[in-house]
Amino acid sequence: YLERIEIRDQDIQGHGIGGTLIDSSPLPTECLNIYKTFTAAPPFPNNTVPTAAIFNPYEFVAQICSDVGCPPPEYTVVCRCGEECPAGTCAVFCGDHVCCHDPNTGNSVYQIPLGEYSGGDS
């Protein structure tokens, strides 16, 4: 689960004793890096920015690349904020989870932890 992601054309890493410098080297033209972050920062104006490691908001997640010589890859961000009961079932709150019941048999056919449920009240 990523609360916020940022896709950049820079490779951002902490260096030095305690990560006191942020190195923001450019990536090859056909690549983008995905970072988990708690803030949006502008592109760094030069490769090395002195800052305390605790202020580095970037945690590397993955790198996506096109073939060499091609433009950066196209991507789509899909937000999935929770689960719902399958179609044709009824949601019933069962303690710390939601039971999805088959209305014909009354049996629970699927369960969702309460914190991951995005459906309406039942």
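A: A search of the whole structure, which is a predicted model, turns up 1 salt bridge. The partners are Arg8 and Glu6, with 2.6 Å between the closest N and O atoms. Side chains of opposite charge can pair when their charged atoms come close. The distance of 2.6 Å between Arg8 and Glu6 falls within the 4 Å cut-off for a salt bridge, so the pair counts as one.

Both partners also fall on the buried side of the accessibility scale. Arg8 has a relative accessibility of 6%, and Glu6 has 12%. Because buried means under 20% relative accessible area, Arg8 counts as buried and Glu6 counts as buried. For the chain as a whole, 24% of the 122 residues are buried.

The setting is a chain with 9 strands and 0 helices, so that its pattern along the sequence is β throughout, β-β-β-β-β-β-β-β-β. Among contacts with a separation of 6 or more, 56% join residues 24 or more positions apart.

The largest nonpolar core consists of 6 residues, namely Cys85, Ala91, Val98, Cys100, Ile112 and Tyr117. Cys85, one of these core residues, has contacts beyond its neighbours within four places in sequence: Ala91, Val98, Cys99, Cys100, Ile112 and Tyr117.

Note on methods:
Residues are numbered from 1 along each chain as its sequence is written. This is a predicted model: local features need pLDDT of at least 70, side-chain atom pairs count only at pLDDT 80 or more; totals for chains, interfaces and linings use all residues. Side-chain values use heavy atoms; hydrogens and water are left out. A nonpolar core is a set of buried Ala, Val, Leu, Ile, Met, Phe, Trp, Tyr and Cys residues joined through side-chain atoms within 4.5 Å. Buried means under 20% relative accessible area, exposed over 50%, partly exposed in between (1.4 Å probe, protein chains only). Contact means heavy atoms within 4.5 Å. Helices (H or I, at least four residues) and strands (E, at least two) are DSSP runs, numbered from the N terminus. A salt bridge is a side-chain nitrogen of Lys or Arg within 4 Å of a carboxyl oxygen of Asp or Glu.
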